[in-house]
Amino acid sequence: MSTPKILILGAGYGGLLTTLQLQKKLNYNEAEITLVNKHNYHYITTWLHEPAAGTAPADHARVGLDQIIDMNKINFVKDTVQSIQPEERTVTLESGDVLSYDYLVIGLGSDPETFGIEGLKEYAFSIRSINAVRQIREHIEYMFAKYKNEPHRTDYLTFVVGGAGFTGIEFSGELADRVPELCEEFDVDPSLVKIYNIEAAPTALPGFDPELVSYAVDVLTKKGVEFLIGTAIKQCTPDGVLLADGQEIKSKTVVWAAGVRGNSIVEKSGFEVMRGRVKVDEYLRAPGYDNVFVVGDCALIFNDEGRPYPPTAQIAVQEGEALGDNLAALIRGEVMMPFKPALQGSLASLGRGEGIGMVGSKKLFGTSAALMKKASDLRYLYKIGGVGLALKKVRL
């Protein structure tokens with residue numbers, strides 16, 4: 001009997017943890033495991049708001065795959081997925097190569113969800129990859145430099161953050177921390193800098209505990225962030241944003257952080273999706289295919305009340321680990337275990353030394369939340385790369 005081929009697409013949280021779990025569980029001869037990823041590194045999405053604002057280097061948020069993967073056990077292919085042909089059990093890459101599989105794991109991440117808002121795709125930045133955040137950081141610095149030559153252009157110093165979910169709030173906090181440094185570096189009067197955080201929902205951090213939300217808004221307001229809550233962006237233009245109430249904010253920097261949808265390749269490949277995400281069964285399988293599994297932002301799973309879980313890093317990590325175990329079981333003719341997320345709470349940073357969090361029924365504010373977030377980051381680094389990686393990457 002030939003060795004089963006497991007093909008994993010994407011080295012985000014879900015794809016990477018599936019790979020690492022298989023690496024740990026299986027012997028060399030039990031399966032042929034191939035991991036395809038666009039870059040030769042894994043990036044920590046939940047840290048990207050820092051390099052985007054310039055409060056940490058971009059390299060801080062990435063880890064070389066050769067540091068964490070046993071390349072003798074895993075066949076790594078640096079390429080971009082173009083399409084999946086589930087009927088033929090093949091995947092076509094941008095290089096033209098076609099890979100075949102017995103078991104497929106789709107962990108291709110997300111595309112920004114623009115909700116059909118005109119101009120967002122063309123004119124807004126989004127915090128979604130190492131390259132994207134480098135571009136945001138450089139653009140922000142360029143705006144300060146440009147303002148010195150055109151002091152009448154206050155739109156250069158106006159920054160619009162679309163969305164007051166976790167990413168929008170965390171980026172606003174980092175940007176507010178960075179502004180005083182930029183003002184000093186470029187000799188700009190800090191009172192001219194405006195940061196707007198715009199959210200269509202009736203509250204910031206929708207679905208989060210109201211006391212924690214109000215603490216977060218208070219901290220960021222004191223840092224200079226102006227919130228426009230219950231306000232939808234109707235259009236994004238080269239000159240700024242047009243709001244649903246008719247107001248226009250002139251800005252040369254619009255950063256969209258209001259949600260994601262599953263990678264469009266999944267839908268284009270013929271899988272049944274809702275907002276780009278595949279409604280998977282309790283073993284994370286795609287409907288109609290018992291050999292195709294989906295993890296991370298491309299997977300849609302529901303809780304007991306029938307509501308979808310948000311696509312978080314925490315859930316993607318758990319999916320990856322559970323799927324690694326189940327694929328090993330499948331190959332050995334053992335029984336797979338149904339997946340159920342174990343939610344360990346939510347933590348958000350609000351810039352330097354500040355944060356909010358909910359761990360179990362306990363609310364965390366300020367320094368204790370910021371420290372808990374560091375501990376959670378450390379735990380993840382230790383999980384993927386041991387003590388060495390945790391010590392190398394931790395920022396106290």
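## Ser 95 and its loop

Ser 95 sits in the loop that runs between strand 7 and strand 8 (98–100); helices (H or I, at least four residues) and strands (E, at least two) are DSSP runs, numbered from the N terminus. This is a predicted model, where local features need pLDDT of at least 70 and side-chain atom pairs count only at pLDDT 80 or more, while totals for chains, interfaces and linings use all residues. Residues are numbered from 1 along each chain as its sequence is written, and side-chain values use heavy atoms, with hydrogens and water left out.

Is Ser 95 buried or exposed, or something in between? Ser 95 counts as partly exposed because its relative accessibility is 48%; buried means under 20% relative accessible area, exposed over 50%, and partly exposed is in between (1.4 Å probe, protein chains only). Between Ser 95 and Gly 259 there are 164 residues along the chain, and 30 Å separate their C-alpha atoms.

## The chain as a whole

The chain has 10 helices and 25 strands. Its C-alpha atoms fill a box of roughly 75 × 40 × 40 Å along the principal axes. For 396 residues, a compact globule would have a radius of gyration near 21 Å, and the chain's 22 Å agrees with that. The radius is taken over C-alpha atoms, and the globule rule is 2.2 Å times the number of residues to the power 0.38.

Of the 396 residues, 53% count as buried. Take the contacts (heavy atoms within 4.5 Å) with a separation of 6 or more: 68% of them come from residues 24 or more positions apart.

## Rings and charges

A search of the whole structure turns up 6 aromatic pairs. Rings of Phe, Tyr and Trp (its six-membered ring) pair if their centres lie within 6.5 Å; planes under 30 degrees apart count as stacked, over 60 as edge-to-face and the rest as tilted. The centres of the Phe 144 and Phe 159 rings are 6.0 Å apart with planes at 15°, so that pair is stacked. The pair links distant parts of the chain, with Phe 144 in helix 5 (residues 130–149) and Phe 159 in strand 12 (residues 158–162), 15 residues apart. Phe 144 is buried at 0% relative accessibility, and Phe 159 is buried too, with a relative accessible area of 1%. Ring pairs also bring in Phe 186, giving a cluster of Phe 144, Phe 159 and Phe 186.

Arg 62 lies over the face of Tyr 41, 4.7 Å from the ring centre, and Lys 73 lies over the face of Tyr 28 at 5.4 Å from the ring centre. To count, NZ of Lys or CZ of Arg has to be within 6 Å of the ring centre and within 35 degrees of the ring normal.

## Cysteines

How many disulfides does the structure hold? The number is 0, a disulfide being a pair of cysteine sulfur atoms within 2.5 Å. Cys 183 is buried, with a relative accessible area of 4%, and Cys 298 is buried at 0% relative accessibility.

## Two helix residues

Gln 23 is part of helix 1 (residues 13–25) and is buried, with a relative accessible area of 15%. Leaving out residues up to four places away in sequence, Gln 23 touches Ile 68, Ile 69, Asp 70, Lys 73 and Ile 74. Lys 73 is the residue that lies over the face of Tyr 28.

Tyr 215 belongs to helix 7 (residues 210–222) and is partly exposed at 24% relative accessibility. With residues up to four places away in sequence not counted, the contacts of Tyr 215 include Leu 350, Glu 354 and Phe 365. Tyr 215 and Gly 246 are 31 residues apart in sequence, and their C-alpha atoms are 29 Å apart in space.

## Positive phi away from glycine

Arg 89 is not a glycine, yet its phi is positive, at about 60°. Arg 89 is in the loop between strand 6 (81–85) and strand 7 (90–93), and is partly exposed at 36% relative accessibility.

Leu 284 has a positive phi as well, near 70°. Its loop runs between strand 20 (278–279) and strand 21 (292–294). Leu 284 counts as buried because its relative accessibility is 1%.
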